[in-house]
Amino acid sequence: KRSIDAAHSQGINCVVSISNMLVTGADDFAIKVWDPNPVTTISAHTNNINRIVRLHREFVSCSEDGYLKFWNHNFVLERSINLRNRVWDVAQKSGKLFVATDEALVVLEDKSEQVLVGISKDRVYYTIGNTLHYHRINTISEISEVALLEDSALASNRSMSTSVEGRKSASVATRSSLSASKEIRLDYIPSSLATSPSGKMIAFTHNSSFIVYSVLGFRSRMTGSAEEIVFVSDHEYISRGESIVFYRKSDMVYEIGLRTCGLFVVSKAEKDFDSADFDALSRVLEEETRRAWSGKAPCGAALRYENIRESLDASVLPLILVVCDTGNGSAFSLAVDLGGRVYFTSWLKPRFVFMVKKNLVLCTDTQIVVTSTEASAEISKPVDESVASNNAVYVKSCGKLYCLLVADELGRGRYRSPVLYPLGSLPGTIIGIKDNNLFYFHDGHVQVLELDNEFIAWQLSVVNGVPAQTQNTNKAIKFLQIIGEHERALELATDDNLRFEILMSLGRLDEALPLANNKLKYQKLARAFMKQGMYSKAAECFYRIKDAYNCYLIDFERKFKFNIGDSNLSFFMALEDGNYEKCAEMLRGTVFYNLFRKNYIK
């Protein structure tokens, strides 16, 4: 037993382990650090320290002076919050801090753990709190095995190291954190992050202000007021807030006085701001939003969206989608190029917008809308995150990853509706796609999933109605079943178990019967036969697995006999057959024996 006397001059209220050291808080208003001997003393508060709680990247102290103070792991004060009430405890959950004061439970946004992500041509960026990290994409290091996705269209074993050979096909190779990470400490916690296509520029917003940096040397290039920045090219970008402002490098090119709640660059074109007709664009935005606010939008108040007016590939100028809050709880979206030509209007408020071939894809909180010049389609699915490649859109919903497959032009392929193909579970936050890799942030690291682009190309050929071959037969069969192409799946299937399931899906029960080889399959067949009113076939299935009770109940023709010994079922079978002597023998020794003989046996 060992004690440290006079560790504090007043009572010690808490002790916690941080950075391999012990940290104590006491009624002497001080925080002390131990290793296990005293290392330093911090004059932290002006009243009793009640609690010290460790968070992921920092720790927080609670005091009766009303302050909640945040300290980094070097024991330097980062920020303070005055709650004007004695603070007793704090807990962190789901991006929020729950603070216990004298009479209230105060809920605060926990931005210290907020993660923002971005991707450019050759770099991956992410922030945690006020720290920016970035890696070069070509520095992917070690490979580790993690079983993430089931029924996956993602990476096969082609590029895996020998250390993961022989793993289950449902597993996907996940590459661990990218090497050569660089860190930059910001003076603020950003609320949004945007990168230019080549990664030469990066922009942050904070408290309705923005700062654009050049990544080389991380020098500030432009500041201003905005809630969001979107890049059109390496040197041209747009800010949105109280107005829409177009910038080239550090110069403002044009300003449109329109308050927006969303702005997306749907497509980039070879021509830049010099070719834009900003006067026409401003005029169109003003006219269309005025009509929307008056309830006379082109799509009509009763419609959620309309088809694209002109083929998207006709646009030679950058195409943007502007989202305006109408002030009555709804939002109005307008897709327009920088020449003022309108392509699409809707009453949707999208969180993600993409152009895939000749289709416009909009993801809201609750649905996915795909529209072209030929048709529109809607899929009800909550969307947490989404990212697009050249030919497909990947959607994360409730922790599951899906691939949205759409014909080159919706309405003209084999499938008039898009196909949402489930890939399986995916943790973390999606960053983006480069080449055949999907990058995501999870557990403090950037992770990589290799996409099977060859199989995705085959899936798209099916959706477009173009014949094609694939070597991934099992995945192809599962995909064909998901989209209802059971006959084509049956043509590919060679395994009896798989053929049985497909035949069951097609309702071809007589063909499935010879393939049944276990109790579960016979039970499944029996239920299917009963639904079709084929009770004799169902009874045969029950007979084959010696399920006497169910067989007897539906064997109306009494084709099947069982030797099941003395039992209630055996008694009723003998009674139905008129074998009363056998029934009497089964009742011998019971109170019913004499009564039965008196009534049934002369």
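Student: How many aromatic pairs does the structure hold?
Tutor: Rings of Phe, Tyr and Trp (its six-membered ring) are paired if their centres lie within 6.5 Å, with planes under 30 degrees apart counting as stacked, over 60 as edge-to-face and the rest as tilted. By that rule, the number of aromatic pairs in the structure is 22.

Student: Is the pair of Tyr125 and Tyr134 tilted or edge-to-face, and why?
Tutor: This is a predicted model, in which local features need pLDDT of at least 70 and side-chain atom pairs count only at pLDDT 80 or more, while totals for chains, interfaces and linings use all residues. Residues are numbered from 1 along each chain as its sequence is written, and side-chain values use heavy atoms, with hydrogens and water left out. The ring centres of Tyr125 and Tyr134 are 5.7 Å apart and their planes stand at 35°, so the pair is tilted.

Student: Is Tyr134 buried or exposed?
Tutor: Buried means under 20% relative accessible area and exposed means over 50%, with partly exposed in between (1.4 Å probe, protein chains only). Tyr134 has a relative accessible area of 12%, so Tyr134 is buried.

Student: Why do Trp458 and Phe479 count as an edge-to-face pair, and which helices hold them?
Tutor: The two rings have their centres 5.9 Å apart and their planes at 70°, so the pair is edge-to-face. Helices (H or I, at least four residues) and strands (E, at least two) are DSSP runs, numbered from the N terminus. The pair links parts of the chain 21 residues apart, with Trp458 in helix α2 (residues 453–463) and Phe479 in helix α3 (residues 473–482).

Student: Which residues have the most contacts inside the largest nonpolar core?
Tutor: A nonpolar core is a set of buried Ala, Val, Leu, Ile, Met, Phe, Trp, Tyr and Cys residues joined through side-chain atoms within 4.5 Å. At 0% relative accessibility, Phe479 counts as buried. The largest core has 58 residues, and those with the most contacts inside it are Tyr394, Leu405, Leu438, Phe479 and Leu525.

Student: Which element gives the largest share of this core?
Tutor: The largest share of the core amounts to 6 residues, and these come from α2.

Student: Which ring lies under Lys521, and which under the charged end of Arg558?
Tutor: A charge sits over a ring if NZ of Lys or CZ of Arg is within 6 Å of the ring centre and within 35 degrees of the ring normal. Lys521 lies 5.2 Å from the ring centre of Phe500, over its face. For Arg558 the distance from the ring centre is 4.1 Å, and the ring is that of Tyr552.

Student: What is the distance between the closest N and O atoms of Arg248 and Glu236?
Tutor: Side chains of opposite charge can pair when their charged atoms come close. A salt bridge is a side-chain nitrogen of Lys or Arg within 4 Å of a carboxyl oxygen of Asp or Glu. Arg248 and Glu236 form such a bridge, and their closest N and O atoms are apart by 3.1 Å.

Student: Is Glu236 buried or exposed?
Tutor: The relative accessibility of Glu236 is 5%, so Glu236 counts as buried.

Student: Which residues are linked with Glu242 and Arg259 in a network of salt bridges?
Tutor: The side chains of Glu242 and Arg259 meet in a salt bridge (3.1 Å, N to O). Glu242 lies in the loop between β23 and β24 and Arg259 in the loop between β25 (251–256) and β26 (262–267), so the pair ties together parts that are 17 residues apart in sequence. The residues linked with Glu242 and Arg259 in the network are Glu227, Glu228 and Arg240.
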